[in-house]
Amino acid sequence: MKRTILIAEDEEKMRRILEVNLQDQYHVLLAKDGAEALEQFKENEINLLLTDLRMPGKDGLSLLHDVKRLRPEVPVILITAYGTIESAISAMKEGATDYLLKPIKMEEVERVIQRALLQADLLDENRKLKEEIKSFYGIDTLISKHPKMIEIMGMIQQIADSKATVLIEGESGTGKELVARAIHFNSQRGGFPFIVVNSSAIPRELLESELFGYEKGAFTGAMRRKIGSFELAHRGTLFLDEIGEMPKELQVKVLRAMEGYRFMRVGGTEEIDVDVRFITATHRDLKEAVEAGEFREDLYYRLHVISIKLPPLRERKEDIPLLVSHFIEKHKREVKDRPLEISEKALTVLINYGWPGNVRELENCILRAMLLARSSRIETEDLPEEVRGEGGRETFVVPKTNEELRRVKWQLKRRVEEEVEEAFLKEALKRNRGNITKAALDVGMDRRQFQNLIRKHRVVVKDFKGEASSHS
Ligand SMILES: Nc1ncnc2c1ncn2[C@@H]1O[C@H](COP(=O)(O)OP(=O)(O)OP(=O)(O)O)[C@@H](O)[C@H]1O
Ligand SMILES: [Mg+2]
């Protein structure tokens with residue numbers, strides 16, 4: 001299909017030349033000034049705009065400006081005379097893709113147009129890819145039905161597009177990085193880098209150059225320039241993980257860079273400006289660290305403009321069944337032909353466990369169980385000892401708060417309900433020698449309902465075929 005090119009040119013002769021030369025390859029639309037071009041642009045599906053810079057009334061720059069606001073992805077090429085090169089260059093900064101110098105040669109025009117269209121195609125492809133990544137890391141992979149978490153998910157969407165710094169607090173494994181990524185990929189910065197620096201994972205003496213980079217020769221061993229994370233994150237997001245572990249002497253520098261959006265490479269002499277959104281995370285209570293004199297108060301205030309506190313998994317146990325199915329789904333490709341189900345009993349054990357390592361520990365536990373399971377579904381025996389040990393028995397931890405009481409009651413109820421149901425089902429099958437229709441009739445359920453129960457509890461019906469009925 002021919003692409004549509006809009007040509008804005010006030011000189012009649014030039015318009016004709018361009019039209020005649022381009023109309024074989026492209027569908028060409030003509031406008032004699034900026035205003036007319038804008039009209040045409042709004043009414044047609046334009047793939048590229050070729051515009052003269054100087055035109056009476058609305059000129060090329062103003063047209064460029066409007067077009068970029070309407071559809072930033074459409075490439076714009078400017079035609080300019082020698083005297084106006086300066087404005088052509090500033091137009092490039094405004095988003096023009098390229099420019100052509102008068103007198104123009106048709107070969108060059110064609111080449112520049114082709115290149116601009118190719119580039120636009122690549123960008124478009126890239127954007128689509130980024131969209132996919134976005135939906136992969138996006139809000140929908142943050143699984144939870146807990147009110148606090150739902151509130152957080154709403155907040156992520158609300159704040160994504162602002163540049164405000166976000167502090168994410170939560171125990172290890174509660175999903176801090178996942179939240180940071182969700183903010184990034186839901187923002188307009190999503191197509192730009194998401195850079196992670198973990199203060200506790202990088203040796204103290206390397207952290208500064210990791211953050212700010214260095215110039216060649218800044219110190220022995222600095223063989224070439226290194227670009228730091230602040231610079232790599234330009235136009236995107238810098239995620240400073242475990243910010244609570246940042247050495248105090250670096251905290252001042254980081255604060256300064258965060259405040260001014262500018263910094264110097266180590267050994268550098270020139271300040272570098274960046275456009276970065278900061279997200280930080282910590283498993284520590286930063287306020288306490290401030291009080292203990294380990295964390296700068298001014299930096300603390302700079303960080304928690306927006307603060308998100310992720311509740312530990314033990315405070316949102318209703319999420320466990322959801323997360324379990326999510327992780328089974330997530331890892332099913334890695335563990336081919338392994339169980340894609342979990343028994344109610346095993347699930348109950350998982351619900352009863354305390355999860356000190358939070359969601360990360362649960363995820364590892366599920367993955368391991370999928371690998372080790374002896375049958376076609378995950379059973380209690382496939383779970384690690386420490387997980388089995390704590391719950392699963394007829395014991396419970398005495399609740400200390402109303403919320404805990406509610407939770408423990410919910411768990412116990414669930415556990416007992418499952419057990420009663422399973423026993424009921426097995427008894428009915430036993431009485432009716434594994435005849436489903438009869439058993440269903442016997443208990444007063446319709447057959448489909450009864451069959452659903454059998455499926456839910458994974459009862460093997462034929463085991464009951466030979467069994468004695470209740471009359472014997
Ligand atoms: N609500 C959730 N829904 C789905 N997956 C989650 C959720 N929370 C965490 N996860 C998963 O659990 C794992 C740990 O999460 P993440 O790395 O974000 O936690 P963290 O708080 O940064 O942990 P750490 O303190 O150990 O660095 C990841 O694989 C993440 O995808
Ligand atoms: Mg983390």
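Me: Which domains does the shell around ligand 1 draw at least three residues from?
Reply: Domain 2 (161-310) and domain 3 (314-390) each give at least three residues to that shell. Bear in mind that this is a predicted model.

Me: Okay, and which residues come nearest to the ligand?
Reply: There are 18 residues around ligand 1, and Ile143, Gly175, Lys176, Glu177 and Val359 come nearest.

Me: Which helices each supply at least two residues of that shell?
Reply: Helix H7 (176-185), helix H13 (320-331) and helix H15 (358-372) each do.

Me: How do the shell residues divide into nonpolar, polar and charged?
Reply: Around ligand 1 you have 9 polar residues, 5 nonpolar and 4 charged.

Me: Let's zoom out. What domains is the protein divided into?
Reply: Besides domain 2 (161-310) and domain 3 (314-390), there is domain 1 (4-130) and there is domain 4 (402-464).

Me: How far apart do the centres of domain 1 and domain 2 lie?
Reply: Their C-alpha centres are 41 Å apart.

Me: Switching to the sheet now. What order do the strands take, and is the pairing parallel or antiparallel?
Reply: The order is E2-E1-E3-E4-E5, with 5 strands forming an open sheet and parallel pairing. Strand E2 (27-31) and strand E5 (98-101) are the edge strands; each has a single partner strand, so one side of each has no neighbour in the sheet.

Me: What does the twist average from one strand to the next?
Reply: The average is 20 degrees from strand to strand.

Me: How many bridges join E1 to E3?
Reply: Strand E1 (residues 4-8) and strand E3 (residues 48-52) run parallel and are joined by 4 bridges. If you want a spot to look at, isoleucine 5 stands opposite leucine 48 in E3.

Me: And on to E4: how many bridges do E3 and E4 pair over?
Reply: E3 and E4 pair over 4 bridges, again in the parallel sense. There, leucine 49 has valine 76 in E4 as its bridge partner.

Me: Is E4 mostly covered or mostly open?
Reply: Strand E4 (residues 76-80) is mostly covered, with 5 of its 5 residues buried. Both of its faces are covered: on one side the buried residues are Val76, Leu78 and Thr80, and on the other they are Ile77 and Ile79.

Me: Last one: which strands does helix H2 lie across?
Reply: Helix H2 (residues 34-43) lies across E1, E2 and E3, and runs at about 165 degrees to E1.

Methods: Residues are numbered from 1 along each chain as its sequence is written. Chains are lettered from A and ligands numbered from 1 in the order in which they are written. This is a predicted model: local features need pLDDT of at least 70, side-chain atom pairs count only at pLDDT 80 or more; totals for chains, interfaces and linings use all residues. A residue is near a molecule or strand if its C-beta atom, placed from the backbone, lies within 6 Å of it. Ala, Val, Leu, Ile, Met, Phe, Trp, Tyr, Cys and Pro count as nonpolar, Asp, Glu, Lys and Arg as charged, and the others, Gly among them, as polar. Domain bounds come from an automatic or database domain assignment. Two strands pair if DSSP finds at least two bridges between them. Axes are lines fitted to C-alpha atoms, for helices over the stretch in contact, and angles run from 0 to 180 degrees between N-to-C directions. Two residues are in contact if their C-beta atoms, placed from the backbone, lie within 7 Å. A residue is buried if 20 or more other C-beta atoms lie within 10 Å of its own, exposed if 12 or fewer, and partly exposed in between; C-beta atoms are placed from the backbone.
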